[in-house]
Amino acid sequence: MNFSVITTQFWSLVLQGLALGLIYALVSLGYTMVYGVLRLINFANSEVFMIGTFATLYLEVHVLGYATNSPSLHGAKLIWTLFLVFVGAMIACALIAMLVELVAYRRLRARGANRLASLISAIGVSIALLEGMRIITISRPMTTPRLLDKWSFGQFHGANFRIDTMMAIVVPIIIFVVLDRFVTKSRLGKSIRAVSMSEENSKLMGININRVITLTFCIGGLTTGAAAFIYTTVYENTVFNVGFNMGIAAFTAAVLGGIGNLRGAFYGGIALGMLEQFASAMLGSQWKAVTVFTVLVVVLLFKPNGLFGEAVQQTRT
Amino acid sequence: MRLEIKDLRVHYGKIEAIKGVSVVVNEGEIVTLIGANGAGKTTILKTISGLRPVSSGSINFDGQDINKIPAHERVDLGISQVPEGRGIFPGMTVLENLEMGKFNRKDRKNEMDEDLDRVYTLFPRLKERASQAGGTLSGGEQQMLAMGRALMARPKVLLLDEPSMGLAPQMIANIFRIITEINKQGVTILLVEQNAQQALQRAHRAYILETGNVTKEAAAADLLNDPAVREAYLGTGAH
Ligand SMILES: Nc1ncnc2c1ncn2[C@@H]1O[C@H](COP(=O)(O)OP(=O)(O)O)[C@@H](O)[C@H]1O
Ligand SMILES: [Mg+2]
């Protein structure tokens with residue numbers, strides 16, 4: 001075990017932890033938003049993320065025609081291209097997420113099936129998506145073109161402020177600020193909060209529950225798609241089972257912050273990202289997944305309401 | 001306007017909770033449904049609002065069979081409910097709660113302001129607490145909020161599920177006074193209560209419900225003097 005890295009690499013680990021944690025936070029919204037209104041763990045969200053990474057790759061390679069050895073882009077062209085792929089990945093994920101809801105959950109709900117049935121259906125959908133992609137890609141990892149040249153703003157105590165790291169921090173923060181405002185201030189956002197507090201009473205107000213549910217899957221898909229784009233741009237590769245670890249980590253982040261709680265997802269993601277970076281620096285990177293699972297189990301055992309408990313949470317009945 | 005429930009049967013799984021109930025509420029009336037705990041009062045109101053499916057029988061509102069209409073569209077028809085236990089949104093402010101009262105509005109600005117004005121006139125306390133979270137209100141204030149929220153939808157008929165439950169005597173008197181006032185403003189009311197004394201004093205007509213069956217139907221004033229009713233619902237220790 002190596003403790004000295006905590007001091008020697010402190011700022012670097014913080015920066016990397018923040019970047020990783022905010023990607024987790026975006027994906028965890030796909031769990032938290034849905035859980036808030038349905039009390040259902042949307043297991044398929046990990047595969048929505050996977051689809052998002054492949055959507056990014058597909059858009060860059062097959063739609064825009066860049067190869068892995070294409071030169072990096074610059075200026076307005078870079079910004080427009082990245083923006084286009086970003087929006088494309090978000091839309092692809094939102095569509096998949098809404099489709100999953102329609103196919104795997106809605107009919108069960110209409111028949112009054114219990115939560116366990118929906119949970120099994122969710123796992124079924126995620127296996128179908130995963131194995132489908134395994135067949136399509138013949139299990140091969142794929143590299144994406146480096147459209148973004150990884151230049152650095154500079155160093156600070158050993159922390160490298162690289163452009164992609166900064167993107168991984170700034171974009172999620174903007175998304176969270178926008179989403180937080182949407183949920184607290186807008187009429188549709190309020191309908192989401194209302195349903196998460198009480199489905200029956202929301203119906204009595206004239207709220208169409210199915211529409212609200214679709215909306216939450218759409219939002220969760222959009223943020224998961226954004227995360228998939230950022231992830232792919234940073235790591236420049238993907239594989240059919242990329243969603244597995246991401247899904248567990250994002251779910252852990254959601255539980256850590258208090259599932260169903262939007263701000264909790266934000267802080268839970270950051271906390272987990274930091275923890276993972278520090279643990280893998282001290283213990284070796286093979287301990288990454290162990291750290292995540294340990295956090296998950298410990299939180300579920302000792303603090304099932306998450307670190308922020310019911311206090312930050314929108315109170316539910 | 002008329003609300004007519006005919007031979008209604010409702011099940012929870014295999015258990016029949018409502019066993020062929022018929023109730024009529026005419027325009028302008030306050031009709032009360034009296035019954036002990038578990039008699040099926042809440043189930044009837046939930047079924048009228050569309051929250052529970054009908055097993056057999058019919059619910060007719062404003063000359064239309066509303067059986068096939070989903071719950072969230074019944075508000076727009078003019079049926080609002082104040083649910084048992086108030087059902088306010090605790091994490092939302094009083095104002096937000098009121099805004100939710102009619103989610104589907106065409107004219108969001110002027111109409112909403114008008115409705116808010118009316119509700120605040122009826123419940124001045126709500127105006128003082130407009131920016132306070134609903135969950136922090138006292139029981140009586142929450143009841144006012146739930147009623148105000150239902151009135152935001154300009155209902156033709158207002159369904160009230162045990163509005164006096166858990167309130168102090170003075171607040172109960174206050175709530176019942178306001179119920180009469182709302183009725184005088186032209187809102188038809190179906191009032192479900194265990195507090196038979198107050199309900200019968202305010203209502204025009206009454207039904208007695210016992211384990212899913214209507215056992216008596218009469219003018220409210222008559223039931224106040226009915227020895228059997230006095231014995232069962234008005235005697236000492238009635239609840
Ligand atoms: N969700 C439910 N599941 C099963 N049975 C229920 C449910 N809600 C009510 N019941 C049963 O239906 C009957 C009527 O209940 P309810 O309508 O709540 O009565 P009341 O409002 O008059 O107290 C009771 O026997 C109750 O146990
Ligand atoms: Mg009841």
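This is a predicted model: local features need pLDDT of at least 70, side-chain atom pairs count only at pLDDT 80 or more; totals for chains, interfaces and linings use all residues.
## Ground rules

Residues count from 1 along each chain as its sequence is written, while chains are lettered from A and ligands numbered from 1 in the order in which they are written. Local features need pLDDT of at least 70, side-chain atom pairs count only at pLDDT 80 or more, totals for chains, interfaces and linings use all residues, and side-chain values use heavy atoms, with hydrogens and water left out.

## Overall form

Chain B has 10 helices and 10 strands. These are DSSP runs, numbered from the N terminus: helices (H or I) have at least four residues, strands (E) at least two. The radius of gyration, taken over C-alpha atoms, is 17 Å.

Of the 239 residues, 54% count as buried. Buried means under 20% relative accessible area, exposed over 50%, and partly exposed in between (1.4 Å probe, protein chains only).

## The sheet and its helices

Six strands of chain B form an open sheet with mixed pairing, in the order E6-E7-E8-E3-E9-E10. Two strands pair if DSSP finds at least two bridges between them. E6 and E10 stand at the edges with a single partner strand each, so one side of each has no neighbour in the sheet. E3 and E8 of chain B run parallel, joined by five bridges. Here Val31(B) stands opposite Leu190(B).

Helix H1 (residues 41–49) of chain B packs on this sheet, touching E3, E6, E7, E8 and E9. Contact means heavy atoms within 4.5 Å.

## The magnesium site

Which residues donate to the magnesium ion (ligand 2)? Thr42(B) (OG1) and Glu84(B) (OE) do, at 1.9 to 2.0 Å. Donors are N, O and S atoms within 2.8 Å of the metal (3.2 Å for Na, K and Ca); water is not among the atoms, so sites may look incomplete. Thr42(B) lies in H1 and Glu84(B) in the loop between E6 and H3, so the pair ties together parts 42 residues apart in sequence. Glu84(B) is partly exposed, at 39% relative accessibility.

## A buried arginine

Arg105(B) sits in the loop between helices H3 and H4 of chain B. Its relative accessible area is 5%, so Arg105(B) is buried. Its side chain makes polar contacts with the side chains of Glu111(B) at 2.6 Å and Asp115(B) at 2.9 Å. A polar contact is a pair of N or O atoms within 3.5 Å; within protein, one must be able to donate a hydrogen and the other to accept it, and residues adjacent in sequence count only if both atoms are side-chain atoms.

Methods. Axes are lines fitted to C-alpha atoms, for helices over the stretch in contact, and angles run from 0 to 180 degrees between N-to-C directions. The radius of gyration is taken over C-alpha atoms; the globule rule is 2.2 Å times the number of residues to the power 0.38.
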